[in-house]
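Hi,

Here is the structure I promised to pass on. Have a look at it first, and then read my notes below.

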Amino acid sequence: MRAALTEQEIRDWGKVYREAVGSGAVDMLPAVITGRPVTSGYTFTDLKADFAPVAQEHAAQPIMSVVDQETLAAGGGVDSATFLNATREVGFGASAPRTVPSDELPPATSYRVKVELEKFHVVRAVGDAGGGKDEIYWCVTATSDKHKGPVFRSQEFGGVRQGNDYHFRPEPALRVVFDGAVSSGLALHIMCWEADQSTSEWYDKLQTAMQALCDQLFDTWQWQVGGMIGDPGLIGGVMLEVIGMIAWFISIWRNEDDLSCERGIVLDRQALAVLAHRGTSDWHFNGDGYHKLTVKYSGDKVPFPTGTLEYVVRSGSTWSAPVALPWKSITPPALASYKGKLYATFVRADQAVMWTRLENGAWKKPERVGGDQSYYAPALSVARNKLYYAVTGKNDYLYYRTYTEDGGWGEAASMHSTESPAMAPSLAMFQDEMWMTHVRDTGIPWLNIHNGSWRGAYQDTIWWSTRNPVGMANWGGYVWRIMRKSDDTVHFSRHGTSGGWKDLGQVSGWKTPSGMALAPYDNRLWVLLRDMDGVLRAANYYSSWSTTHFVGGSTPIRPMDEPAAAAHDGKLYVMYRR
């Protein structure tokens, strides 16, 4: 506040607040705390419950972008048209990843993270007709749970024009926005300005305000609370409130320079791992002008968060207790039953794709699938007496292999060069052909069919759009698909022997933050999904959907992301990581 107000003005505000509290017009403490009995403290469980509607309110705002982990891994297109249009109207916005709820403290291991500004592309110039320098410059503050970075101000780029790229100078002081330790996450506050001959006093006040943001907003306790609640609405909402306050302060004391667009961006451990392995990412600033900023990562390789593989089994009407396996994965697993054995694939911490199988009641030691590597979950299914496997490579190309017990894994073959998925593919057998769905970076699913060779790709005929892998299964004479839309609602479709995809609409009352699994079992079609509270639930379909219930009995299971499911040996197996 001192960056924008005098000491006397701050004291006057404080006086008004004290008078309001004294008169009873404003509570010193909220009723949610004062209304509790003296013998009952306000616990962290209470905090999580009370923050839920606040977080949901933040997440619902059009200037708040909630980014799925699969979308982050795609390396682009994380901002929806609605978000970009809203930032143009309001002038600022915030982005936060959809995190995995945790009751643990942030990991103790820290890594040196270095983020640089590489270049920006002018999609639409500011077009200031008022004279002046007509130059663009960038201001950034960045801080982690371990290190508070300095205020960054770039050089000024003169005469910027639509359609051109502008590169930041090579000197570290003019391109590095953060260089320090990170354990659980990094937050950046980025402003794109048009320079119009402001005074040195203006720059001093701007730096003071941004330094205050860096020093006070993202204290360790806030990272801890945000991570434990695991809600991007809370994490991004805090960012929204503060950058909105900064924007208001700027309106009070700015001189001639114009703020084109302002964004807050939160990167958790998963997002940093993706950025570290991809190397660059594009962030969009659609305000008075529209600038696409390319950031470059040049620090330590941040390892992907790993989750322990675990599974449960349904036999008849009963779920088993969870069984933990001694392996960890950076992606959801895949499952398929082939010739009396249950096969599973997952991705090791070094991005190597691994496979194992359950045979005679024991899992074999995992082995690599050739030299395959991926950031995404593999897919498995069976057709024509072969086990089919598909994966999105680290180069964003689709690859597939087949497996037989006699010949082992065949050579990896790439799909058509135009097939560049943005996430994990899905497989299902239909009419003894292998059907594959992959989602491109536009969010539109595409279908590939293999009947000896792949017949190309067919765009979804019901114009679905998603940011998660699509679940697929063959049941009742149809191939079925299940999809999560960006508003977390669940939608189904099916395809028969002719007539294309039929949209079966939204399943009323269902919502999920992740992709889902489909599997036929016990003459029904089963769906496995994480509810909005993170709990794994199941339901089945015959002529209508049953109600959902806990997987594993009465004790909730909270996986990290979407599960995998397969019928095997008269039972339903569900595998996940947590």
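This is a predicted model: local features need pLDDT of at least 70, side-chain atom pairs count only at pLDDT 80 or more; totals for chains, interfaces and linings use all residues.

Residues are numbered from 1 along each chain as its sequence is written, and side-chain values use heavy atoms, with hydrogens and water left out.

**Cysteines**

How many disulfides does a search of the whole structure find? It finds 0, a disulfide being a pair of cysteine sulfur atoms within 2.5 Å. Take Cys192: the closest cysteine sulfur to its own is in Cys261, 7.5 Å away, which is too far for a bond. Cys192 is buried, at 0% relative accessible area, and Cys261 is buried at 0% too. For these notes, buried means under 20% relative accessible area, exposed means over 50%, and partly exposed is in between (1.4 Å probe, protein chains only).

**Cores**

The largest nonpolar core has 60 residues, and Phe120 and Trp138 touch the most other members. Apart from that one lies another core, of 17 residues, including Tyr311, Trp327, Leu342 and Leu358. A nonpolar core here is a set of buried Ala, Val, Leu, Ile, Met, Phe, Trp, Tyr and Cys residues joined through side-chain atoms within 4.5 Å. As background, nonpolar side chains tend to be buried together in soluble globular proteins.

**Helix α9**

Helices (H or I, at least four residues) and strands (E, at least two) are DSSP runs, numbered from the N terminus. At the start of α9, a side-chain oxygen of Asp268 comes to within 2.9 Å of the backbone nitrogen of Ala271. After α9 comes Gly279, with a positive phi near 100 degrees.

**The sheet around β32**

Four strands form an open sheet in the order β30-β31-β32-β33, with antiparallel pairing. Its edge strands, β30 (471-475) and β33 (501-511), each pair on one side only. On average, neighbouring strands of this sheet are turned by 25 degrees against each other, direction ignored; axes are lines fitted to C-alpha atoms (for helices over the stretch in contact), and angles run from 0 to 180 degrees between N-to-C directions. Two strands count as paired if DSSP finds at least two bridges between them.

Strand β32 is largely enclosed by the rest of the structure, because 7 of its 7 residues are buried. Which residues point which way from β32? Thr489, His491, Ser493 and His495 point one way, Val490, Phe492 and Arg494 point the other way, and all are buried. In a regular strand the side chains alternate between the two faces of the sheet.

On one side, 6 bridges join β31 (residues 478-484) to β32 (residues 489-495), and the two run antiparallel. Val479 stands opposite His495 of β32, and Arg484 stands opposite Val490. Their hairpin has 4 residues between the strands, and Asp488 there takes a positive phi near 75 degrees.

Strands β32 and β33 also pair in the antiparallel sense, over 6 bridges. Here His491 stands opposite Gln506 in β33. The hairpin of β32 and β33 has 5 residues between the strands, and Gly499 takes a positive phi near 95 degrees.

**Single residues to look up**

- Thr437 sits in strand β27 (residues 433-439) and is buried, at 1% relative accessible area. Leaving aside neighbours within four places in sequence, Thr437 is in contact (heavy atoms within 4.5 Å) with residues including Pro425, Trp446, Met472 and Arg481.
- Gln155 lies in the loop between β5 (152-153) and β6 (157-158) and counts as buried at 13% relative accessibility. Beyond its neighbours within four places in sequence, the contacts of Gln155 include Tyr137, His167 and Arg169.
- Asn360 has a positive phi near 55 degrees without being a glycine. Asn360 is in the loop between β18 (352-359) and β19 (362-363), and counts as exposed at 79% relative accessibility.
- Asp569 also has a positive phi, about 55 degrees, although it is not a glycine. The loop between β38 (564-568) and β39 (571-577) holds Asp569, which counts as exposed at 62% relative accessibility.

Cheers

Key
A polar contact is a pair of N or O atoms within 3.5 Å; within protein, one must be able to donate a hydrogen and the other to accept it, and residues adjacent in sequence count only if both atoms are side-chain atoms.
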